[in-house]
Amino acid sequence: MRQGVVYINTNFSSVSGFDAERDSMRTCLLSPLPSLPFVSSQPVPLPFPMAHGTTTLAFVFQGGVLAAADTRSSCSGLVACPASQKILPIHSHLVGTTSGTSADCALWKRILSRELRLYQLRNGRRLSTSGAAKLLSHMLHPFKGTELCVAATLCGWDDHTSLSGPSLFYVCSDGSRLQGTLFSVGSGSPYAYSILDQGVQWGLTVAEATSIAREAVYRATHRDAYSGNCVDVYHVTSQGWTRRTREDLKEEYYREKESRRQTHEAEKKML
Amino acid sequence: MALEDICNFKDKPTHKTFPFYASEDTSVSVFTEAFNFKWRGEMTSKKASDVPLEFHVPSLFKRPSSRASHSVSVRRPFPLSHGTTTLGFIFQGGVIAAADTRASAGGLVACPAVHKITPIHSHLVVTSSGSGADCMLWERILTREIRLYQLRHKRRLSISGTAKLLSLMLHPFKGTDVCVALTLCGWDKLIYVCSDGARLQGDIFSVGSGSPYAYGVLDRSLSWSLNKEEAILLAREAVFRATHRDAYSGNNVDLFHVTAEGWRQRQREDLKEEYYRDMEKRGLLGFSNWFTHLFLEE
């Protein structure tokens, strides 16, 4: 592992059965002690005001789990990156949507991937989505009260567990860990929620589910200033995750405007 | 107060200062001749029709820039919350205004059956959001002023004029705790006026804590060419989705339809019924939650 990456003091002895492992894993601490966030240091002022603008959503249906997100990284009023990746694959059957501070989310996703891979190597099977969510939640717990901000939804397909099938968990750095069938996170989430509430049901086909997810992100990007640019859609099934080509929502906007104009013209002609 | 104006009765004001500063003697209530409206075409004069608008400004009125040494600040009895969902949009058949009916105060549902849409006159309806008390007061003041204008000038003030009047009346209270966000719905126009000073005309407005949820639904399905039933269904659906997700909106939905013939009110509907209908339609009524689907699949 590279220097400078933050390690935390995770206790895997109960999980992996290796007591010797625990000592070797207690590596140099750049991170807070479990009890006290920062060891008598002055709080560093933020270099720029951070904003948590995004729209991500995920829901469970008969065809698996669908996750969608916009691609705008904003920094108060600046669009820092119009083509960022907010849905990060963790392993072949688990993706995570990210919201909050993108730096924190990217880091914690990598840490989670590493821990899940280690679990898989030690135990010969993948950790369930529920276990992954619990792991992430416990890893984030020492940072509660600090400025760490991670709000992720873990979307996965579980095999070989008592509850196999699609699974969706919401984990956030405040400490929440919730299982559910529909989540939307971020500043654009209210706009997406109303579209999703209208259309999401268990019995949707993959095409219908994709279209609802795209529409929900589109509506959120239309109204929310901090969401925009493109939409990413990931679909998790028993075979793993697949990704739809990234679509620019500008095209969708113009298409809709054009079709509205055409229906308006048609109506006027009829009158 | 209207009778007082008609009879040209004027109380003697003790102070004639504008803009108003909190006076040293805070126990005296002060009149302000804040508004001396000069309608178009009329010069300054003391004609009977030119009676200025007078306000009782309470002595505890505080402005951010006031230098009053001993202004008493009244502690709020409960936390004010501006939770609501109101919306209005224009379509070919007129204007639809819809709102929920929950008045909340912090976490308490203070009243589950409030009227958030009030008619001002036969062709103008106003939806209110913000502080309930402020909205009720300002609606009454607005109604009074509109009626007086109509009596004095023998014609109704236009919707744009009404909006401008309201905006100007609210202006002295900018920076205070007055919180009023009204949408004036006429038969062909929709104007949003708020106590921050905004006055915007548009085709679609939704105001309140539940407004993002309503916007999502409205943006999707709203078009000019809807017929009346579709527009009403859309407005109901938008308020329903907002009340489903927003904790501060709920209970019933009120709907008004304003056309060139005037406004018509739909009967108030309990959204609980709508919720059960929606659950049934999606096949979830028999199940406590969705996970039973997962169990049944195996």
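**Around an annotated residue**

Modeller: T84(B) lies in the loop between β2 (53–57) and β3 of chain B. This is a predicted model, in which local features need pLDDT of at least 70 and side-chain atom pairs count only at pLDDT 80 or more, while totals for chains, interfaces and linings use all residues. Residues are numbered from 1 along each chain as its sequence is written, chains are lettered from A and ligands numbered from 1 in the order in which they are written, and side-chain values use heavy atoms, with hydrogens and water left out.

Biologist: What makes T84(B) buried or exposed?

Modeller: Buried means under 20% relative accessible area, exposed over 50%, and partly exposed in between (1.4 Å probe, protein chains only). T84(B) has a relative accessible area of 3%, and is therefore buried. The UniProt annotation "active site", from an unreviewed entry, covers T84(B); such positions are given in the numbering used here, feature names are shortened, and annotations may be inferred rather than shown by experiment.

Biologist: Which residues is T84(B) in contact with, leaving aside its neighbours within four places in sequence?

Modeller: Contact means heavy atoms within 4.5 Å. The partners of T84(B) include D100(B), K116(B), V207(B), D246(B) and Y248(B).

**A sheet in chain B**

Biologist: How do you know that β3 and β12 of chain B pair?

Modeller: Two strands pair if DSSP finds at least two bridges between them. Strands (E, at least two residues) and helices (H or I, at least four) are DSSP runs, numbered from the N terminus. Strand β3(B), residues 86–91, is joined to β12(B) by 4 bridges, and the two run antiparallel. One of the bridges sets T86(B) against V207(B) in β12(B).

Biologist: What is the order of the strands in the open sheet, and which are its edges?

Modeller: The sheet has 5 strands in the order β12-β3-β4-β13-β14 (chain B), with antiparallel pairing. Its edge strands are β12 (204–207) and β14 (262–270) of chain B, since each pairs on one side only. Helix α6(B), residues 271–281, lies across β13 (252–259) and β14 of chain B, at about 65° to β14(B).

**Between the chains**

Biologist: Why are α6(A) and α4(B) called roughly perpendicular?

Modeller: Axes are lines fitted to C-alpha atoms, for helices over the stretch in contact, and angles run from 0 to 180 degrees between N-to-C directions. Angles under 35 degrees count as roughly parallel, over 145 as roughly antiparallel, 65 to 115 as roughly perpendicular and the rest as oblique. The axes of α6(A), residues 206–223, and α4(B), residues 211–221, come within 10 Å and cross at roughly 105°. The two helices are therefore roughly perpendicular to each other.

Biologist: Which residues meet there?

Modeller: E215(A), R219(A), H222(A) and R223(A) meet Y215(B), G216(B), D219(B) and R220(B).

**Strands in chain A**
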